[in-house]
Amino acid sequence: ATLMRSQFGVNVRVTNNSWVAGTEPDSNLYAAIAAAGAADILFVAAAGNGDVLGRGYDLDADPHYPAAFDLDNILTVAATNAKDGLARFSNYGLQTVDIAAPGIAIVSTEPGGQYGSRNGTSMAAPQVTGVAALLWSRVSYATAAEVREAILQGADSIAGLQDKVGGGRRLNAHGALLVDTAAPLATLV
């Protein structure tokens, strides 16, 4: 897997993907993401920011890609608000969206060396990507599947997300660190 990863870059383990390719599945894009999976690369995808009126919609019923591809190496991320509810603009889907992370009033860099507050699933997905990198910094030999499972197993179950996100999960970096990535279904005590 390490040799194959070199085709994508120098030891790439995870990619953050806060973009939408379209509403129709593209076989070339699917093949590229599947190849990344075969190279043991985790593909974190933003769920997207809803319709033109700023209302999130169900990706299970109205998919867009790459977030809606059914591949084992994709981790699709919705955005939450300060009250742990789904952000109004965030897309969701019990089958398509794996986890949520904070996505409102996230401080980020801006052009000119400035900082600003932004909203969006593009603010939530990098947090999941960062937790994946954190896990690999602790357990460098973990596979993408193990890191993905540790993120999901370590997440908090939030009542307000139960009907919107698979498992009602919201990212918990500390919880993910407590999951044994070598045997992800068992947690460390």
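This briefing describes the fold, the largest pocket and selected residues of one protein model.

The model is predicted: local features need pLDDT of at least 70, side-chain atom pairs count only at pLDDT 80 or more, and totals for chains, interfaces and linings use all residues. Residues are numbered from 1 along each chain as its sequence is written, and side-chain values use heavy atoms, with hydrogens and water left out. The protein has 189 residues, of which 45% are buried; buried means under 20% relative accessible area, exposed over 50%, and partly exposed in between (1.4 Å probe, protein chains only).

**Overall architecture**

- The protein contains 5 helices and 8 strands; these are DSSP runs numbered from the N terminus, with helices being H or I of at least four residues and strands being E of at least two.
- Read from the N terminus, the order of elements is α-β-α-β-β-β-β-β-α-α-β-β-α.
- Of the contacts between residues at least 6 apart in sequence, 66% join residues at least 24 apart; contact means heavy atoms within 4.5 Å.
- The accessible surface amounts to about 9,300 Å², and carbon and sulfur atoms account for 54% of it; such areas come from the Shrake-Rupley method with a 1.4 Å probe, and for residues only the protein chains shown count as cover.

**Largest pocket and threonine 96**

- The largest pocket holds about 200 Å³ of space.
- Among its 13 lining residues, Phe69, Asp70, Leu71, Gln95 and Thr96 are the closest to the pocket centre.
- A pocket is defined on a 1 Å grid over the protein atoms alone, as an open set of points where a 1.4 Å probe fits, with protein on both sides within 12 Å along at least five of seven lines; lining residues have an atom within 4 Å of a point.
- Grid points are joined across faces, edges and corners, and the volume is the space filled by probe spheres set on the points.
- The lining comprises 6 nonpolar, 3 polar and 4 charged residues; Ala, Val, Leu, Ile, Met, Phe, Trp, Tyr, Cys and Pro count as nonpolar, Asp, Glu, Lys and Arg as charged, and the others, Gly among them, as polar.
- Threonine 96 is placed in the loop between strand 3 (74-80) and strand 4 (99-102), and threonine 96 counts as buried because its relative accessibility is 14%.
- A polar contact of 2.3 Å links the side chains of threonine 96 and aspartate 60; a polar contact is a pair of N or O atoms within 3.5 Å, where within protein one must be able to donate a hydrogen and the other to accept it, and residues adjacent in sequence count only if both atoms are side-chain atoms.
- Beyond its neighbours within four places in sequence, threonine 96 is in contact with Leu59, Asp60, Ala67, Ala68 and Thr76.

**Arginine 170 and aspartate 84**

- Arginine 170 belongs to strand 8 (residues 169-170) and is buried, at 14% relative accessibility.
- The side chain of arginine 170 makes a polar contact of 2.8 Å with that of aspartate 84.
- Apart from neighbours within four places in sequence, the contacts of arginine 170 are Thr80, Asp84, Ile99, Ala100, Ala155, Asp156, Ile158 and Leu161.
- Aspartate 84 lies in the loop between strand 3 and strand 4, and is partly exposed, at 25% relative accessibility.

**Backbone geometry**

- Most residues other than glycine have a negative phi, and most peptide bonds are trans.
- Aspartate 84, which is not a glycine, has a positive phi of about 65°.
- Alanine 105 also has a positive phi, near 55°; alanine 105 is in the loop between strand 4 and strand 5 (106-110) and is partly exposed, with a relative accessible area of 48%.
- The peptide bond from tyrosine 65 to proline 66 is cis, with omega near 20°, and proline 66 is in the loop between strand 2 and strand 3.

- Helix 4 (residues 144-154) is largely enclosed by the rest of the structure, because 8 of its 11 residues are buried.
- The buried residues of helix 4 are Ala144, Glu146, Val147, Arg148, Ala150, Ile151, Leu152 and Gly154.
- Histidine 174, in helix 5 (residues 173-178), is exposed at 54% relative accessibility.
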